[in-house]
Structures are given as C-alpha cells and as structure tokens.
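The exercises below are meant to be worked through with the sequence and the model side by side. Try each task before reading the solution that follows it.

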Amino acid sequence: MARLPNLFSKSSIQLGEQSCTGEGEDNTKLLGLPNIGNTCFMNSALQCLLGLPAFCRDILRQQNIWSSSPSSKLLCCFAKLHQARLSGGTVNDKNKENKKILQTVKRCLSVVNEDYEEDYEQLKEEGMALKGSPEPYTCPVKQLEFKLKTSRTCTSCGVIVYGQEDYNHLSLSLSHDLPHSLDLYFKPSALECACRVCSGSTASVTRHFLTLPRVLMLHIKRFTAGNWEPEKVDDPMSIPAEITLPARHQPDNIYRLSSVISHLGDNMYTGHYISDVLDSRGSGWLCLDDAHVLRTDEATVLKAIAQTAYILFYVCRHCMYM
C-alpha cells in the first residue's frame with residue numbers, strides 16, 4: 001500500500017483546530033462529504049469520527065504500522081479524508097477528491113455489511129488484523145470501549161453470579177431526558193435464566209461501569225417494531241451538553257457532547273441522516289448535511305436534536321482537547 005505523504009505532521013493531527021486552506025477566511029464548506037448514493041448515514045458517522053482529534057491522532061501516529069498492510073483499506077481512506085480536509089482547493093475539486101475516497105470506503109464496508117453503516121466496527125476488524133505486526137498497534141476504536149460489571153441474583157435462592165461484559169456503546173430507551181434513560185439502563189432488570197444452584201428460572205440483573213471510555217457512544221432507540229415495519233418515534237428527549245456517568249470510584253466521569261447523528265424523516269427506510277459536530281477550535285458547532293456545511297451554536301443544536309437524535313458521542317471532559 002502506498003504511503004500517504006506528510007500525514008503525521010503537526011498540522012495534520014490537529015483536526016478541528018484549523019480550517020482548510022482555500023476559498024475565503026472561513027472554509028467550513030470544504031469539510032462536507034458528497035453523497036455517492038444512499039450514503040448519508042456513512043457520511044454522518046465519518047464526520048463524527050473525524051471530529052474526534054484523539055481518534056484521528058491514534059490512526060495517523062501509527063501510519064508506519066498499518067500502511068504496510070493490504071487489509072488496512074479503511075484506515076487508509078480515513079487518513080486520506082483527514083488530509084483532504086486540511087488541503088486547499090475549490091469546493092468542486094474537494095467533492096471530486098472525496099468522492100473517490102468515499103467510493104472505496106463504501107466498498108470496504110459493504111464487504112462485511114451490505115448497508116455499510118458500521119465504520120467503527122470495520123476499523124476494529126482492521127485493527128485485529130494488525131495484532132501480529134512487529135510493532136504494537138493500538139486500535140482507535142479502543143477509545144469507545146469499556147467494561148460493565150454485571151450482578152445476576154437468582155430470585156428463588158438469592159445466589160449472586162458476577163461477570164464482566166465488553167461494550168463499545170449503550171442502547172438507551174427513549175424517555176423525556178437522556179440522564180433518565182441512562183438511569184433506566186442501570187436499574188435492576190428481570191432476566192430469564194437457569195440458576196446453577198436451585199434450578200430457578202428468573203434472576204435480577206444489575207450493571208455498573210467497571211471501566212470508562214474516552215468516548216461514550218449512545219444509541220437512542222427511536223424505532224419500534226410496528227405491524228409491518230419499524231416505526232419512527234418522534235417524542236422529544238432533552239439532551240444536555242454534559243452528563244455525569246453513574247461510575248463507582250471513577251473521578252473522570254463527566255462527559256461533554258461532541259457530535260450527534262440525527263435521523264430526519266418518518267421511518268428508517270425513507271429518512272435522511274445528518275450530523276452536528278463540535279468545532280474543537282472553540283468556535284461553535286458545524287451542521288453537516290452530506291456536502292452542505294453550516295455554522296451553528298450549541299443552543300440551536302440541543303434544541304434541534306431533541307426529536308431527531310439517533311446516535312450521540314460524548315467525550316470525557318478531562319480528555320476533551322488532549
């Protein structure tokens with residue numbers, strides 16, 4: 001695989017801390033990604049990941065490891081997209097350049113998922129393939145991973161079984177506000193299972209954070225099973241700019257909203273996805289609708305996503321600009 005030029009320069013790794021060079025003083029319009037055919041979700045997910053400076057740094061600083069592997073196609077595309085948004089040019093030139101890269105991304109993702117929607121999962125797969133490399137490789141998806149401790153108590157005899165589970169996101173039920181949905185997730189829930197002591201058939205399960213991620217990804221269940229197809233639920237949810245996780249003995253448990261993927265439309269088959277991403281230069285937020293980019297502010301974003309938020313990315317406040 002050809003090595004990408006000058007990716008690991010000081011300017012390259014500071015994603016979001018400088019604009020593209022080119023037309024005008026503020027060139028945020030060059031940050032858009034063209035839709036190459038039903039790729040609005042893919043584009044939105046990529047924008048959210050590109051908006052995580054530490055995520056980008058983890059990829060670029062290990063270029064000497066993954067660039068020699070023919071299986072690291074998505075890592076290469078991600079680095080090229082990052083480089084493209086830092087280089088100059090016109091909007092038309094940028095769209096042509098990004099279109100070629102996105103076509104490769106789409107092909108890579110469609111190999112394992114015909115809907116090509118799990119960018120981070122494919123990055124994880126490529127990271128696993130690099131485990132045997134001479135130099136140690138740290139997968140950037142590791143920033144989204146964490147562990148939950150589970151306690152399963154038999155409702156018949158009271159015996160408790162402890163365990164650990166690996167996660168890279170939480171799927172939350174829709175409620176009036178996000179903190180309440182988090183509380184519901186960690187409340188005890190009933191589970192059908194066989195007790196190894198008394199042969200009881202039900203247990204109460206509780207979960208707690210054992211480790212915390214640098215980036216917390218939250219999936220909001222906005223689709224419910226209807227009679228013939230999943231139905232969209234537009235009930236509003238209050239989403240705060242900051243959340244505090246119910247973590248035991250974890251001092252860095254305050255997280256700040258970094259980006260959002262929103263679903264617009266009546267159902268999952270005919271809707272459209274956009275993303276809102278925090279500009280880490282401290283100059284507000286960006287609303288990214290495929291190739292169209294607009295500047296906005298936090299209050300506007302929080303109001304708009306109350307009925308549309310589908311996936312949320314929160315970054316540990318302690319690690320926000322590291």
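A nonpolar core is a set of buried Ala, Val, Leu, Ile, Met, Phe, Trp, Tyr and Cys residues joined through side-chain atoms within 4.5 Å. The structure shown here is a predicted model.

**Exercise 1. The cores**

Task: Find how many residues the largest nonpolar core has, and which of them have the most contacts inside it.

Solution. Start with the core as a whole: the largest one has 43 residues, and those with the most contacts inside it are L46, F55, W66, F78, V105, I261 and F313. Next, ask which elements supply it; those giving two or more residues are α2, α3, α4 (63-66), α5, α6 (91-112), β6 (215-220) and β14 (309-316). Of these, α2 provides the largest share, with 8 residues. Another core, of 31 residues, lies apart from this one and includes Y185, M237, L278 and C319. Finally, look at V105, which touches M42, L46, L74 and C77 when residues up to four places away in sequence are not counted.

**Exercise 2. A pair of helices**

Task: Describe how helix α3 and helix α5 pack, giving the angle and the distance between their axes.

Solution. Two packed helices are described by the angle between their axes and the distance between the axes. For α3 (residues 53-60) and α5 (residues 73-86), the angle is about 120° and the axes are 10 Å apart. Because angles of 65 to 115 degrees count as roughly perpendicular and those over 145 as roughly antiparallel, this angle makes α3 oblique to α5. The crossing of the two helices is left-handed. As for the residues involved, F55, C56, I59 and L60 in α3 meet L75, F78, A79 and H82 in α5. Sorted by class, this contact has 7 nonpolar residues, 1 polar residue and no charged residues.

Conventions:
Residues are numbered from 1 along each chain as its sequence is written. This is a predicted model: local features need pLDDT of at least 70, side-chain atom pairs count only at pLDDT 80 or more; totals for chains, interfaces and linings use all residues. Side-chain values use heavy atoms; hydrogens and water are left out. Axes are lines fitted to C-alpha atoms, for helices over the stretch in contact, and angles run from 0 to 180 degrees between N-to-C directions. Helices (H or I, at least four residues) and strands (E, at least two) are DSSP runs, numbered from the N terminus. Angles under 35 degrees count as roughly parallel, over 145 as roughly antiparallel, 65 to 115 as roughly perpendicular and the rest as oblique. A crossing is left-handed if the near helix is turned anticlockwise from the far one by less than a right angle, and right-handed if clockwise. Contact means heavy atoms within 4.5 Å. Ala, Val, Leu, Ile, Met, Phe, Trp, Tyr, Cys and Pro count as nonpolar, Asp, Glu, Lys and Arg as charged, and the others, Gly among them, as polar. Buried means under 20% relative accessible area, exposed over 50%, partly exposed in between (1.4 Å probe, protein chains only).
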